[in-house]
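Hi,

Here is the structure I promised to pass on. Have a look at it first, and then read my notes below.

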Amino acid sequence: MDFYKILGVARDATPEEIKKAFREKAKKFHPDRNKGSQEFFKKIILAYETLIDPEKRRKYDIKLQKEISLLDNALSKVYHALGYTPVKKRGKDIYKKVFISLKEGYLGSKKTIYYTRKEKCSICEGTGVTENSIVKECKSCLGKGLIKKGFIKIPCIKCEGKGFQVLNPCVSCGGKGYIRKETRKTFKIPEGIKEGDHIKIKGGGHCGKNGGDYGDLYLVVKFQEEDFQLKGKDIYKTVYSSSKDLKKGDVISIHHFLGNMLSIEIPEDIKSEKILRIKGRGYKDKKGYVGDLFLKVIPID
Ligand SMILES: [Zn+2]
Ligand SMILES: [Zn+2]
């Protein structure tokens, strides 16, 4: 048994991370709770006591290194008990909207997203079965996975066609092979990204079945500003102003999406709706070409 996996921490976890993981696991799998079992709870405590003590941890790390090569072996033992190797299946992709600012898209930036996904159970490697599980032939179908219904054979309902039943599946995931978990991913927003573009995070999707690969995460970009409309690399903004402030030589001040104030001098008296073009103050495309800002000025009186 891998203590790191029992606590769900990385091999280089800090004492703080170990403490935090222990508190969460101890709470979740406490024997008083419906998910808890005395046996698994004891393992959690043993894992914690070993990893939190620097000297014990050092010795354990040496031992674990030797055991790791045997882990694959243990898994193949399970498969042997099952009488077959479960087919690996890739996990599903996840699509999520991500809101970014025009500034983040213009300059390019990094962002972190939190979301929930199915993560592979580290105790059973996603199989739902551990080396201690008892696998029994299904009594309903006598291990064939099929039962007779009239003249045809259908998959056995009791074992869902597997031909066997697991009497004590992995206690960590309840035999599902995955755990729903909040996940954090940091990703790069490339300069000049457009609304509706996808940012792909490889392996950011749900975990696969029976140790299959993770699916991918696709982030669909949306801009959070509602007062700037983007058309290609040009930006449109509407400004309302009293017509007495819209005489030739007057100045309109607006907040530009890059954070600065822009002062635009009015070239002529504006009596009705007019569009002013401010060169080079628009958005950017992926090649780095900058568009213009179009200010729709509407006099109100
Ligand atoms: Zn499991
Ligand atoms: Zn059956």
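Donors themselves are N, O and S atoms within 2.8 Å of the metal (3.2 Å for Na, K and Ca), and water is not among the atoms, so sites may look incomplete.

This is a predicted model, where local features need pLDDT of at least 70 and side-chain atom pairs count only at pLDDT 80 or more, while totals for chains, interfaces and linings use all residues. Residues are numbered from 1 along each chain as its sequence is written, chains are lettered from A and ligands numbered from 1 in the order in which they are written, and side-chain values use heavy atoms, with hydrogens and water left out.

Now the zinc ion (ligand 1). Its protein donors are the SG atoms of Cys-121, Cys-124, Cys-170 and Cys-173, at 2.2 to 2.3 Å. Along the chain they follow the spacing C-x2-C-x45-C-x2-C. The four donor atoms subtend angles of 106 to 115° around the zinc ion, so the arrangement is tetrahedral. For reference, the ideal angle for four tetrahedral donors is 109.5 degrees. Cys-121 is buried, with a relative accessible area of 0%, and Cys-124 is buried too, at 1% (buried means under 20% relative accessible area, with a 1.4 Å probe and protein chains only).

Next, the domains. The assignment, which is automatic or from a database, gives domain 1 (3–82), domain 2 (94–133 + 168–223) and domain 3 (229–300). The C-alpha centres of domain 2 and domain 3 lie 40 Å apart.

Two salt bridges are counted between domain 2 and domain 3; the term means a side-chain nitrogen of Lys or Arg within 4 Å of a carboxyl oxygen of Asp or Glu. The total count by this rule is 15. Among them, Asp-197 pairs with Lys-286 (2.7 Å, N to O), and Glu-191 with Lys-284 at 2.9 Å between the closest N and O atoms. Glu-119 and Arg-117 also form one, at 3.2 Å, N to O, and both of these residues are buried.

Cheers

Terms used: Four donors count as tetrahedral if all angles lie between 85 and 135 degrees; four count as square planar and six as octahedral if opposite donors are over 155 degrees apart and all others between 65 and 115; anything else is irregular. Buried means under 20% relative accessible area, exposed over 50%, partly exposed in between (1.4 Å probe, protein chains only).
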